Amino acid sequence: MRFGVVVFPGSNCEQDVVHALRHLGYEASYVWHQDTDLEPYDAIVLPGGFSYGDYLRCGAVARFSPVMDAVFAYANAGRPVIGICNGFQILTEAHLLPGALLRNAGLKFICESVPLRVEQSVCQWLNLEPGTVVHIPINHNEGNYFCDEATRAQLEANGQIVLRYCNPDGTRNPDGSAPNGAFDDIAGICNERGNVFGLMPHPERATDGLSGSHATDGAAFFTAIAAQVGSYAKEVCGA
Amino acid sequence: MKQYQIFVTGKQGIFDPAGKTAQNALDNLGYEGVADLKIGKFIQLSCDDSVSPEKVKEMCEKLLANPIIEDFRIEQTGA
């Protein structure tokens with residue numbers, strides 16, 4: 001099982017992701033944003049950070065990096081693409097996922113561990129029971145998910161909402177539980193096919209028991225890909 | 001040389017916390033009557049004469065603005 005972790009100029013979580021993946025027992029390699037061959041990899045991760053300095057809009061410039069054509073082809077082939085934080089922003093700018101990430105409603109950069117509820121979704125890369133609450137760190141200034149109501153309803157109907165911000169017991173406040181103001185408390189979504197998954201929280205920062213309580217809640221976000229991808233690769237690629 | 005000025009603003013209904021904060025600050029300073037304050041982006045392009053307004057519109061739609069959350073307005077200045 002080999003993950004490719006794309007490095008854009010200004011990415012800064014790629015080492016965390018690679019460390020986490022190797023810690024979990026997988027192979028992981030850096031993929032420079034000018035590379036265009038993703039064939040060696042069983043899954044692609046777009047990591048967090050500040051690609052191109054977050055200039056213009058978060059992810060707006062990275063979306064046109066040479067590697068992105070290969071990411072489109074990879075995603076369209078049904079293979080696993082996961083975007084974390086800035087990676088999620090890049091996926092929305094690339095229209096691989098709907099909506100956009102706005103500035104946090106409270107104007108503050110937020111860095112804290114938050115409870116998230118796993119929703120019933122078509123996401124292929126999260127093998128947790130709906131209703132499960134996981135605690136994962138968020139670390140962003142532009143994590144306020146936005147889409148129009150019609151899109152939200154479609155996401156809901158298609159089972160594309162994967163994660164919502166919630167209270168520690170899994171309930172949600174009537175006036176919203178998202179620390180960043182995200183619409184409908186949305187923290188992570190996937191495409192209709194369920195193979196492109198974007199989320200603001202950083203599961204790679206919750207994969208090592210040394211880093212505190214709930215410290216391994218993030219591991220499931222990578223182990224599920226690894227568990228599925230063997231059979232999936234055979235089906236899609238005839239490998 | 002042609003010059004284009006591009007104004008990018010949040011779409012109606014998109015929460016603009018920076019604008020809201022600045023508006024509150026004006027309020028705190030005692031300025032009355034400011035009903036709304038929106039903060040957007042100003043982009044200035046200096047181009048050779050071959051760059052048409054249609055091409056600039058395309059640049060805005062593709063990169064300079066995100067049509068999901070932003071509106072843009074283009075003004076041509078200079079010859």
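A residue is termed buried if 20 or more other C-beta atoms lie within 10 Å of its own, exposed if 12 or fewer do, and partly exposed in between, with C-beta atoms placed from the backbone. The structure is a predicted model, in which local features need pLDDT of at least 70 and side-chain atom pairs count only at pLDDT 80 or more, whereas totals for chains, interfaces and linings use all residues. Residues are numbered from 1 along each chain as its sequence is written, and chains are lettered from A and ligands numbered from 1 in the order in which they are written.

**Figure 1. Asn76(A) in helix α2 of chain A.** Asn76(A) belongs to helix α2 (residues 67-76) of chain A; helices (H or I, at least four residues) and strands (E, at least two) are DSSP runs, numbered from the N terminus. Asn76(A) counts as partly exposed because it has 14 C-beta neighbours inside 10 Å. Although 117 residues separate Asn76(A) from Arg193(A) in sequence, their C-alpha atoms are 9.4 Å apart in space.

**Figure 2. Overall build of chain A.** Chain A contains five helices and eleven strands. Its radius of gyration is 16 Å, close to the 18 Å of the globule rule for 239 residues, so chain A is as compact as a globular protein of that length. The radius is taken over C-alpha atoms, and the globule rule is 2.2 Å times the number of residues to the power 0.38. The C-alpha trace of chain A spans about 50 × 35 × 35 Å along its principal axes. Of the 239 residues in chain A, 54% are buried. Among contacts in chain A with a separation of 6 or more, 76% join residues 24 or more positions apart; two residues are in contact if their C-beta atoms, placed from the backbone, lie within 7 Å.

Figure 3. A nonpolar core is a set of buried Ala, Val, Leu, Ile, Met, Phe, Trp, Tyr and Cys residues joined through C-beta atoms within 7 Å. The largest such core has 76 residues, of which Val5(A), Val6(A), Ile44(A), Val45(A) and Val162(A) touch the most other members. Beyond its neighbours within four places in sequence, Ile44(A) is in contact with Gly4(A), Val6(A), Leu38(A), Val71(A), Tyr74(A), Pro80(A) and Val81(A). Another core, of six residues, lies apart from the largest one and includes Tyr4(B), Val56(B), Cys60(B) and Phe72(B).

Figure 4. Most residues other than glycine have a negative phi. Asp54(A), which is not a glycine, has a positive phi of about 60° and is placed in the loop between β3 (43-46) and α2 of chain A. With 18 other C-beta atoms within 10 Å, Asp54(A) is partly exposed. His95(A) also has a positive phi, near 60°, and occupies the loop between α3 (86-93) and β5 (100-102) of chain A. His95(A) is exposed, having 11 other C-beta atoms within 10 Å.

Figure 5. The expected span is 1.5 Å times one less than the number of residues. Val56(B), Cys60(B) and Leu64(B) are buried in α2(B). These three residues lie on the same side of α2(B) because they cover an arc of only 50° around the axis, the arc being that of the directions from the helix axis to the C-beta atoms. The buried residues of α2(B) pack against β1 (2-10), β2 (41-47) and β3 (70-77) of chain B. On the face turned away from the buried side are the exposed residues Glu54(B), Lys55(B), Glu58(B), Glu61(B) and Lys62(B).

**Figure 6. Helix α1 of chain B and Gly30(B).** The end C-alpha atoms of α1(B) are 16 Å apart, which agrees with the 16 Å that its twelve residues should span at 1.5 Å a residue. Just after α1(B), Gly30(B) takes a positive phi of about 95°. Gly30(B) sits in the loop between α1 and β2 of chain B and is exposed, with 6 other C-beta atoms within 10 Å. The C-alpha atoms of Gly30(B) and Asp71(B) are separated by 31 Å.
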